[in-house]
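Hi everyone, thanks for coming. Please have the sequence and the 3D view open while I talk, and we'll walk through a few spots together.

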Amino acid sequence: MKRKDSTPMRTPLDHRRLAERLAPLGYRHVEVLETTGSTSTDLADRVRCGEDLPDMSLLMAEEQTAGRGRKGRSFEAPARSQLICSVLLRLPDVPVDRISLLPLLTGLSIVEGIRASADIPIQLKWPNDCVLDGRKLVGILVEAVHLDPHPAIILGFGINYDLQAEELPVAHASSIDLECARLGLTCPSREDVAVAVFAELAANLERWRRLGGAAQTVLPRYRQASATIGTSVRAFLPGDEVVEGTATDIDDDGELLVRTSEGTRVIRAG
């Protein structure tokens with residue numbers, strides 16, 4: 001349902017029903033805030049203060065006023081127009097050098113969940129975005145709260161659910177609702193998208209952990225869903241260096257391989 005100005009009538013998430021649907025997937029602690037600065041900052045602060053939050057704790061917010069992306073970029077959107085999520089991982093059994101795969105695993109899980117629930121052909125843009133025909137629907141930021149004695153990692157992401165054209169923060173953004181409309185599809189509920197994404201995330205994390213953070217639990221499917229591999233790219237590196245070439249692959253550490261006129265360069269997300 002939409003108002004006269006074409007913006008949707010946005011209903012809140014049902015916290016109790018969402019928690020009931022997520023509990024069998026392993027999310028033992030689920031909170032939904034009406035508004036906050038940043039769910040990832042909130043979760044990290046609580047861990048640093050010694051709060052005994054369990055592994056796979058999930059913090060969501062209907063509105064975020066100081067969301068953070070890569071390189072400190074900030075963003076915000078109308079209340080209830082997104083899925084704003086942060087998941088705490090406690091990783092006593094995964095080698096620290098395998099943590100670099102978590103942004104890719106998170107992105108893959110989101111793509112698989114959105115494809116399953118909305119049936120739109122969303123893809124992965126290395127290293128931290130999910131896109132459709134170049135239009136950004138999802139941003140991801142993975143951060144370490146601490147690495148010792150065991151890593152505590154926060155998977156933060158925001159999914160544009162029903163932002164309308166006039167609400168988009170930039171011209172190259174989009175939302176699930178807009179993409180469903182373009183394709184003549186019925187947009188699923190925000191709750192159903194959330195559950196589908198968290199189901200994929202739980203399954204992918206379980207497999208990744210069980211196999212000690214093995215790259216092969218993530219990379220074959222990531223490559224298939226990649227919108228980056230095979231395209232021309234430009235990477236801006238420290239020291240004002242610019243690398244241009246063709247993205248050819250993603251290595252076992254989650255780094256992008258770029259074929260240039262001078263040979264293959266390895267580009268690390270930063």
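Let's start with Ser226, which touches Gln123 and Leu124, leaving aside residues up to four places away in sequence; contact here means heavy atoms within 4.5 Å. Before going on, please note that this is a predicted model: local features need pLDDT of at least 70, side-chain atom pairs count only at pLDDT 80 or more, and totals for chains, interfaces and linings use all residues. Residues are numbered from 1 along each chain as its sequence is written, and side-chain values use heavy atoms, with hydrogens and water left out.

Where does Ser226 sit? Its place is the loop between helix H6 (219-224) and strand E10 (232-237). Those labels are DSSP runs numbered from the N terminus, with helices (H or I) of at least four residues and strands (E) of at least two. Is Ser226 buried or exposed? Ser226 is buried, because its relative accessible area is 9%. The cut-offs are under 20% relative accessible area for buried, over 50% for exposed, and partly exposed in between, using a 1.4 Å probe and protein chains only.

Now to the strands. Strand E6 (residues 123-125) pairs with E7 in the antiparallel sense over three bridges; two strands pair if DSSP finds at least two bridges between them. In that pairing, Leu124 stands opposite Cys130 in E7. E6 and E7 form a hairpin, with three residues between them.

E7 also pairs with strand E8 (residues 135-146), again antiparallel, over four bridges. Here Asp129 stands opposite Gly139 in E8. This is a hairpin as well, with two residues between E7 and E8, and Asp133 in the turn has a positive phi of about 50°.

Which faces of E7 are covered? Both faces of E7 (residues 129-132) are: Asp129 and Val131 on one side, and Cys130 and Leu132 on the other, are all buried. As background, in a regular strand the side chains alternate between the two faces of the sheet.

Next, the aromatic rings. How many aromatic pairs does a search of the whole structure find? It finds two. Rings of Phe, Tyr and Trp (its six-membered ring) pair if their centres lie within 6.5 Å; planes under 30 degrees apart count as stacked, over 60 as edge-to-face and the rest as tilted. The rings of Tyr27 and Phe198 have centres 5.4 Å apart and planes at 65°, so this pair is edge-to-face. Tyr27 lies in the loop between helix H1 (15-22) and strand E1 (30-33), while Phe198 is in helix H5 (residues 190-210), 171 residues apart. Phe157 and Phe198 have ring centres 6.0 Å apart and planes at 45°, so that pair is tilted. Phe157 belongs to strand E9 (residues 152-160), 41 residues from Phe198. Tyr27 and Phe198 are buried, and Phe157 is buried too. Together, Tyr27, Phe157 and Phe198 form one aromatic cluster.

The axes of H1 and H5 come within 10 Å and cross at roughly 25°. H1 and H5 are therefore roughly parallel to each other; angles under 35 degrees count as roughly parallel, over 145 as roughly antiparallel, 65 to 115 as roughly perpendicular and the rest as oblique. The contact is made by Arg17, Leu18, Arg21 and Leu22 of H1 with Glu191, Asp192, Ala194, Val195 and Phe198 of H5.

Definitions and conventions. Axes fitted to C-alpha atoms, helices over the stretch in contact; angles between N-to-C directions.
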